[in-house]
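Dear colleague,

I am passing on the structure we spoke about, and below it I have written out what I found when going through it. Please read the notes with the structure open beside them.

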Amino acid sequence: MKNKENNNACVHCGADCGKEPVMWNDLHFCCNGCLTVYQLLNENKLYNYYKLEETPGIKVETTEFGNKYAFLDNEEVKQKLISFTEGSISKVRFFIPVIHCASCIWLLEHLQKLHSGVKHSFVNFTKKEVDITFDESRITLRQLVELLSSIHYIPDLSQSLSDKKDDKSYKKLLYKIGLAGFVFVNVMTYSLPAYFNGEPLSDKLQTLFNILSYILVIPVTFYSGSDYYISAFKNLVKKNISIDLPIALGIIVLFGVTTYEVMSGLGPGYSDSLSGLIFFLLVGKWFQSKTYEALSFERNYKSYFPIAVTKINKQVEESILLERIDVDDVLLIRNKELIPADCELLEGDARIDYSFVTGESTPVTKKAGDFIYAGGRQMGGIIRIKVKKEVNQSHLTKLWNQDATYHKPSDTLKTLSDRISKYFTLIVIAIGITGFTFWMLKGETHTAVFVFTAVLIVACPCALALSIPFTFGNTMRIFGRKGLYIKNTDVIEKLSHINTIVFDKTGTLTQPNQNVVGYSGETLSDSESEAVFSLTKQSTHPLSEALNQFFNNLTYRTPEHFVEVAGRGIFGKVNNMEVQIGSEEYVTGATKASAKKSSTVYVSINGQMKGHYTISNQYRNGLSEVLKTLKNQFGLYLVSGDNDAEAGNLSTYFNSQHLLFNQKPGDKAEFIKNLQSKGNTVLMTGDGLNDAGALMQSDVALTIADKAYHFSPASDAVLEAGQFHRLAAFIRFTHTSLRIVKMAFIISFCYNIVGISFAISGNLSPVVAAILMPISSVSVVAFATFVTRLAGQMRLK
């Protein structure tokens, strides 16, 4: 809370500014940092930030609703709406029928700018749904609904409570189109004599036609066009300028002038143009919605989530695809694996990390019989769960998309698009006012009104705003069908800018399921071998899996406890024996690794060193061709936690100075940080297990998924192991996508320049402008979509 009594208090943080405050617009700031933050908020029209700080819970906005949404405070109603809750973090999905354009998507996906209690929001455009993660300690479900209603995005709660969405909003749009079309035809009929009759009608008859036309156009203006006024007004109240504002202004001006002329008897007004304008705007809205639905790149990515699980089928373990899981199936979840479906814990000590869902990383302890939500991650030994709800891949993928446990810089192209779109409406209004003033000064009132309205209607930033999501979205679809699964569209541009690639070795360049295992040391008893087998079974690390397959015929014993130390090894208690497995340094305490010719895993039981397993590497198919291709375009590095036994084989593809072995997870992340400090844009390619720190540090993080489909939220993309040979082609195609976006930008700019030029010269009527506006958006979207698909067919065969 700022110190309001201190006139020398910093406007942003409330601290005393001292004798020499930093000044901007006659406002006091204690430092340049506070000034910068204030300017950012001011430029983005986020003035409510300071009000929200003083009145959390949007109390100012909710008072107007009274008790309308009081029923949402009822626990039974809340439970029907809320799909996830743990602590104060909850998730809810609303059906919002008025979602119709890119502006709606942008605003609803930036709700956190209106209230800090909203953590994430994600729009499914074709289903008109928004998924919101919010903190109930800051904003309640009722207040969240009131916030949405205050900006004219009123949730249909009756539909949100059920999975069946009816077509009420679609029918309402059709009713408005029908009314506007009926009035347009009739008003044009009244206007035909004035258009085609050489002789003017009698004054009484012409006055009658004018009045009849005006009466008919009133319901069209206030009913059919109502969404534009309401949306523009409520966004203005929130200090947000939407693309509906110029449209609303154009309609109001036409109706105002028509009212004045008809009531004063000066002329017929613009009833024909007004009814035609609204009719074609609504038809355009319908046309856009249908086109976007047909061209949709499936923003929920419902079929692209690359994950499989281990199912217990008659006491036999089998790996199955996520989509084949049924209710009541029993699944086995190992350390750091994701919970794929809402389930009940049957057996084991569950410590569930919900950071993937909520952003909070503190594990939640669960006991047998407890309910566990999909998206949690087991942080301990093996557990068994029973599936209670059908698996929803789109739910898990949307969690991946909204993951905010780490942050990477946003792409410059989208930032440019947002910056242009932000000022676009203001520039268009300014041009419209300039044109109106110019023609008024020439004494041509009729032309001035038409110019003002046509400029506001024909110019639309939708084409510009949709160029990026539809081009990159279709690139995501193409990649998904070829085995590369992208987290979100931002990753596409980031991939196009990389100049350096860093590889992990074990599980990335090597195939974890094709290894030859040997043992040297004291012979292990059957119970000791069972203990080693049971402990490695808990882990998903490639070397643990290699040992697990080596011991596959032994009996599994449930460990009394289990801990995995990233990049070093595992330890636990099995058969009353303390077992430690991992690197030489971790198990023996050696300060320097000895020279070995293969990957080596040491074993200690009850504090006594027993021996070590040697695991030979088998490299992935196509590795030679991929690395040779990449070497010509990028700086290639290898950082591995393994020894340098493979240095000779790998030096064919990597510069000897670019090979780093015996690297701990922290060393990998620090190495990438050093590369970035030298101006490199880095793609880190790892297995997603011990490389989390390096993946998070990199500009783009790519994990390789084998049959087990290990998945890491720290990754920006997941590549199926069988498609590793396409890696170079995938990166090249991102450059193609970037060029297509720039071409779409140029088309959009050219359209707006030509359209505004015709409009301001008085050669474009508002009705024609209303027809051209949606066609321009759809044409740019269609161009971006089909050119991307064509390029994909040609370049990713």
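In this predicted model, six strands make up an open sheet whose order is β18-β23-β22-β21-β20-β19, with antiparallel pairing. The edges are taken by β18 (516–521) and β19 (561–565), each of which pairs on one side only. On average, and with direction ignored, neighbouring strands of this sheet are turned by 15° against each other.

Two helices go with this sheet. Helix α19 (residues 526–536) packs on it and touches β19, β20, β21 (577–582), β22 (599–605) and β23 (608–616), and its direction makes about 55° with that of β21. Helix α20 (residues 542–550) lies across β18, β20, β21, β22 and β23, and runs at about 95° to β23.

The pairing at the β19 end can be followed residue by residue. Strands β19 and β20 (residues 569–574) run antiparallel and are joined by five bridges, with Val563 having Phe571 as its bridge partner in β20 and Glu564 standing opposite Ile570. The two strands form a hairpin with three residues between them, and in its turn Gly567 has a positive phi of about 80°. From β20 the pattern continues to β21 through six bridges, again in an antiparallel arrangement, and here Val574 stands opposite Met577. This hairpin has two residues between its strands, and Asn575 takes a positive phi near 55° in it.

A second open sheet has four strands in the order β3-β4-β6-β5, and its pairing is antiparallel. Its edges are β3 (82–86) and β5 (118–124), and because each has a single partner strand, one side of each is left without a neighbour in the sheet. Neighbouring strands in this sheet are turned by 15° against each other on average, direction ignored. Six bridges hold the antiparallel pair of β5 and β6 (residues 129–135), and within that pair Ser121 stands opposite Ile132. Helix α6 (residues 141–150) lies across β3, β4 (89–95), β5 and β6, and runs at about 40° to β4.

Helix α9 (residues 203–224) deserves a separate look. Its 22 residues, at 1.5 Å a residue, should span 32 Å, and since its end C-alpha atoms are 31 Å apart, the two values agree. The buried residues of α9 are Phe209, Asn210, Ser213, Tyr214, Val217, Val220, Thr221 and Ser224.

Lys366 lies in strand β12 (residues 364–366), and it counts as buried because its relative accessibility is 15%, where the cut-off is under 20%. Lys366 touches Glu86, Leu345, Ala350, Ile352, Tyr354, Phe371 and Ile372, leaving aside residues up to four places away in sequence. The C-alpha atoms of Lys366 and Glu344, which are 22 residues apart along the chain, are separated by 9.8 Å.

Tyr637 lies in strand β24 (residues 635–639) and, at 15% relative accessibility, counts as buried. With residues up to four places away in sequence again not counted, Tyr637 touches Thr500, Ile501, Val502, Phe503, Phe654, His658, Phe671 and Leu675. Tyr637 and Thr500 are 137 residues apart in sequence, yet their C-alpha atoms are 7.9 Å apart in space.

Finally, a word on confidence. The mean pLDDT of the protein chain is 77, and 78% of its residues reach 70 or more. Confidence is lowest in helix α3 (residues 59–62), with a mean of 36, and highest in strand β17 (residues 500–503), at 92. Over residues 1–5 the pLDDT is below 50, and this stretch has eleven contacts in the model beyond near neighbours in sequence. Residues 298–304 also stay under 50, and for them the model has 24 contacts beyond four places in sequence. Where pLDDT is low, the predicted coordinates should not be read in detail.

With best regards

Definitions and conventions
Residues are numbered from 1 along each chain as its sequence is written. This is a predicted model: local features need pLDDT of at least 70, side-chain atom pairs count only at pLDDT 80 or more; totals for chains, interfaces and linings use all residues. Side-chain values use heavy atoms; hydrogens and water are left out. Two strands pair if DSSP finds at least two bridges between them. Axes are lines fitted to C-alpha atoms, for helices over the stretch in contact, and angles run from 0 to 180 degrees between N-to-C directions. Contact means heavy atoms within 4.5 Å. Buried means under 20% relative accessible area, exposed over 50%, partly exposed in between (1.4 Å probe, protein chains only). The expected span of a helix is 1.5 Å times one less than its number of residues. pLDDT is the predictor's confidence in each residue, from 0 to 100.
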